[in-house]
Amino acid sequence: GIKIYNKALEAGCTPQAFVDRGFETFKDQIKSFGISGDVHFIRTTDERHIKIAQDFWRRVRDNGFIYKKTYQTKYCVGCESEKTDSELDEQGFCPLHPGASLELIDEENYFFKYSAFGEKILDLYQKNSKFIIPEFRQNEMSEFIKRGLQDFSISRLLTKMPWGIPVPDDADQVMYVWFDALTNYISTLADDGIETLDALVQSTTFQDFWVNGSPTQYCGKDNTRFQAIMWQAMLLAADVPNSHRVVVNGFITADGGIRMSKTLGNVVDPRDIVADFGTDALRYFLLREVSSFEDSPFTRERFLASYNSGLANGLGNLTSRILTLAEKYLPVCPEIPENSIPQEFFDHLEHFDIQKASEFIWNEIAAMDKTIQETEPFKVVKADVAKGKELITDLVLRLYTVARMLNPIMPETNKTLKALIKANKKPEQPLFLRKN
């Protein structure tokens, strides 16, 4: 809300023009991560979302969980949330936005009866011990709730913040950004022609996906309260089924755990990484070297070291060694088993620990390197052709399994590897050139 409004003023354009420009940039930039195909985008400026968000408000209000009062509070524009003195550092700043002055709000707004839902959300957690992943985040949220939820403002005066969804039946107020934005998890499911909450929750799409499916929400650790407590309370207040699961990621930091900042000059542009190393190399680092749940540093030096060891000297070198032997000693590609991926790999993905799934792949790569060193198939095949071919065939099949597991991690490398193996050809050039 306020953050976008202020940025638009700085850019000399309207908030709508500012977010339209950002949206096009976002769509273009995600290609850097290898995301393509049938991608569904939801924008909180979409007319369909606006109507559902307003109807959601009406439902919560009619159920008795919205009231109006005058209040004073400190507000962090960066976090888009109110802050108590205990949440600020010694200098009175938000720890996540040091040096940024807090706004002082003193006005009459609408409030959400957040305090009515503490026990209900704790009950939700108790019934589903894996509602929040990782488990320690669920424990954190449980302790936060036990300290008592406080009602919070869910609107702003139009005169102070003329950028937001109008509050139903009150032209002088707009919705607080989180109360509006969180509803996009369900407004995105509204088929053409659906403009009310009743119609949405009764629709086949909503029932199939939200109620009977297993939708998973991802968020950064600074958004956990919004996603795992606030949003769940809002759903309860509107008589809408709760989320299925919330997965919480840590931050990607600069060296030494320092938060990335343009001011400090310690940012890394992923587009530069892609230009120099390719999309799959970026995906490799983010999914293998960056923790699925904790903070992890990203520096170009750390990226380069991981690229050379894991891709150029690791997967790339192993592929060349095995397929050189296969091309020379095997007449055709061995018959590929239909199901060769170990269950342990799927277990890691089912637990949303993509880093462990990636590490599982590179452990197999290391094991194959060790097999080559210990069995020396390039020597065995010269002394005992049948035995040598058996060793090479086993390595080819294991390499194909690695290629299969790479599908969600490095999709382009997955395709390249499988094509080379099926053609029984060594790469004409290294899959990953060593970089300095």
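**Pocket, strands and rings**

Mentor: Keep in mind that this is a predicted model. Start with the second largest pocket, lined by Ile-42, Asn-184, Tyr-185, Thr-188, Leu-189, Phe-209, Trp-210, Pro-215, Thr-216, Gln-217 and Tyr-218.

Trainee: How much space lies in the second largest pocket?
Mentor: About 220 Å³.

Trainee: Which element gives the largest share of the lining?
Mentor: Strand S9, with three residues. Helix H7 (184-187) and helix H9 (204-211) each supply at least two residues as well.

Trainee: How do the lining residues divide into nonpolar, polar and charged?
Mentor: Seven are nonpolar, four are polar and none is charged.

Trainee: New topic, strands. What does S8 pair with?
Mentor: One partner is strand S6 (residues 155-157), which runs antiparallel to S8 (residues 170-175) and is joined to S8 by three bridges.

Trainee: How many residues sit between the strands in the hairpin of S7 and S8?
Mentor: Two. Look at Asp-169 in that hairpin: its phi is positive, near 65°.

Trainee: Now the aromatics. How many aromatic pairs are there?
Mentor: The count comes to 30. Take Trp-178 and Phe-226. Their ring centres are 4.1 Å apart and their planes are at 5°, so the pair is stacked.

Trainee: Why does that pair tie together parts apart in sequence?
Mentor: Trp-178 lies in helix H6 (residues 177-181) and Phe-226 in helix H10 (residues 224-237), so the pair links parts that are 48 residues apart in sequence.

Trainee: Are Trp-178 and Phe-226 buried or exposed?
Mentor: Both are buried. Another stacked pair is Phe-298 with Phe-303, at 6.1 Å centre to centre and 10° between the planes.

Trainee: And why do Phe-298 and Phe-303 count as buried or exposed?
Mentor: Buried means under 20% relative accessible area. Phe-298 has 6%, so Phe-298 is buried. Phe-303 is at 0%, so Phe-303 counts as buried too.

Trainee: Which residues form the aromatic cluster?
Mentor: Among them are Phe-56, Trp-57, Tyr-110, Phe-152 and Trp-231.

Trainee: Last one. What do the buried residues of H12 pack against?
Mentor: Helix H11 (270-277), strand S12 (296-297), helix H13 (300-329), helix H15 (354-375) and helix H18 (411-423). The buried residues of H12 (residues 279-289) include Leu-282, Tyr-284, Phe-285 and Arg-288.

Notes
Residues numbered from 1 in each chain as written. Predicted model: local features only at pLDDT ≥ 70, side-chain atom pairs only at ≥ 80, totals over all residues. Heavy atoms only, no water. 1 Å grid on protein atoms, 1.4 Å probe; cavity = no way out; pocket = protein on both sides within 12 Å on 5 of 7 lines; lining within 4 Å. Points joined across faces, edges and corners; volume = space filled by probe spheres on them. Helix = DSSP H or I, 4+ residues; strand = E, 2+ residues; numbered from the N terminus. Nonpolar A, V, L, I, M, F, W, Y, C, P; charged D, E, K, R; others polar. Pairing = 2+ DSSP bridges. Buried < 20%, exposed > 50% of the residue type's maximum accessible area, 1.4 Å probe, protein only. Contact = heavy atoms within 4.5 Å. Phe/Tyr/Trp six-rings, centres within 6.5 Å; stacked < 30°, edge-to-face > 60°.
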